[in-house]
Amino acid sequence: MKSYVVKFSDREEGPYDETQMAQMFADGRIDRNTPCKPVSGGEWKMIDDYLPMLKYGTQLPPPTKVPAIPPTPPPVLLSSQRVSVVDFDIPFGSVLKIMFKWMAAALVVFCCFLPVIFVLWLIVAAIFAAVFSGAMSTFHHP
């Protein structure tokens with residue numbers, strides 16, 4: 001059975017025999033493009049060149065189960081522990097810059113809607129003038 005050296009992140013590891021290589025392939029630790037070379041000598045090639053049957057998955061062992069590490073529970077807070085709330089320390093100059101940017105944006109939006117506001121004001125004024133004019137005209141004609 002042949003043994004191979006595998007290159008991980010410019011680091012050589014091994015030797016691994018073919019069954020170990022198949023197990024690492026099944027576990028997802030190596031893939032078809034991982035560089036390897038035979039221990040007996042040879043040049044660096046992809047695993048797919050030396051072990052082409054791995055890509056079909058017919059002779060792969062089942063992946064090894066990695067035991068799940070349960071999360072550590074949060075520490076119990078005792079009533080004697082102090083809790084402090086820290087607010088953000090933002091320099092005053094930055095707050096002023098933000099305020100001026102918002103005011104400039106509001107001015108631009110206001111200027112865009114200014115013609116609409118002016119036309120609506122004229123319509124309301126014309127309606128008010130028409131109603132007021134009609135009410136006042138009754139005083140001249142008995």
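**Elements of the chain**

Helices (H or I, at least four residues) and strands (E, at least two) are taken here as DSSP runs, numbered from the N terminus. I note that this is a predicted model, in which local features need pLDDT of at least 70 and side-chain atom pairs count only at pLDDT 80 or more, while totals for chains, interfaces and linings use all residues. Residues are numbered from 1 along each chain as its sequence is written, and side-chain values use heavy atoms, with hydrogens and water left out.

I looked up the elements and found 3 helices and 4 strands, which run β-β-α-β-β-α-α from the N terminus on. After α1 comes G28, and I noted that its phi is positive, near 85°.

**Burial and contacts over the chain**

I took buried to mean under 20% relative accessible area, exposed to mean over 50%, and partly exposed to mean anything in between (1.4 Å probe, protein chains only). On that scale, 13% of the 142 residues of the chain count as buried. For accessible areas, the Shrake-Rupley method with a 1.4 Å probe applies, and for residues only the protein chains shown count as cover. The chain exposes about 12200 Å², of which carbon and sulfur atoms supply 68%.

With contact meaning heavy atoms within 4.5 Å, I looked at the contacts that have a separation of 6 or more, and 43% of them join residues 24 or more positions apart.

A nonpolar core is a set of buried Ala, Val, Leu, Ile, Met, Phe, Trp, Tyr and Cys residues joined through side-chain atoms within 4.5 Å. The largest one has 13 residues, and V6, M21, I30 and I47 touch the most other members. I then checked where its residues come from: β1 (3-8) and α1 (18-27) each supply at least two, and the largest share, 4 residues, comes from α1.

What does I30 touch, once residues up to four places away in sequence are not counted? I found V6, F8, M21, M24, F25 and I47.

Within α1 itself, I listed M21, A22, M24, F25 and A26 as buried. The buried residues of this helix pack against β1, β2 (11-17), β3 (35-38) and α2 (47-50).

**V39 in its loop**

I looked up V39, which is found in the loop between β3 and β4 (45-46) and is partly exposed, with a relative accessible area of 44%. V39 touches S3, Y4, V5 and P15, residues up to four places away in sequence not being counted. For V39 and V5, I recorded a C-alpha to C-alpha distance of 6.1 Å across 34 residues of sequence.

**Salt bridges**

Side chains of opposite charge can pair when their charged atoms come close. I counted a salt bridge where a side-chain nitrogen of Lys or Arg is within 4 Å of a carboxyl oxygen of Asp or Glu, and by this rule the count comes to 2.

One of them is formed by E13 with R11, the closest N and O atoms being 3.1 Å apart; R11 counts as partly exposed at 49% relative accessibility.

In the other entry, the side chains of R32 and D48 meet at 3.0 Å, N to O. Because R32 lies in the loop between α1 and β3 and D48 lies in helix α2, this pair ties together parts that are 16 residues apart in sequence. R32 is partly exposed, with a relative accessible area of 39%, whereas D48 counts as buried at 18%.

**Cysteines and the surface of α3**

With a disulfide defined as a pair of cysteine sulfur atoms within 2.5 Å, I found 0 disulfides in the structure. C111 is in no disulfide, and its nearest cysteine sulfur, that of C112, is 7.1 Å away. I recorded C111 as partly exposed at 43% relative accessibility, and C112 as exposed at 55%.

Lastly I looked for surface patches, which are made of residues with over 30% relative accessible area and no salt bridge, like charges being joined within 9 Å and nonpolar side chains (Val, Leu, Ile, Met, Phe, Trp, Tyr) within 5 Å. A nonpolar patch of about 1100 Å² is made by L107, V109, F110, F113, L114, V116, I117, V119, L120, I123, I127 and V131. I checked L114 from this list, and found that L114 is in helix α3 (residues 92-140) and counts as partly exposed at 38% relative accessibility.
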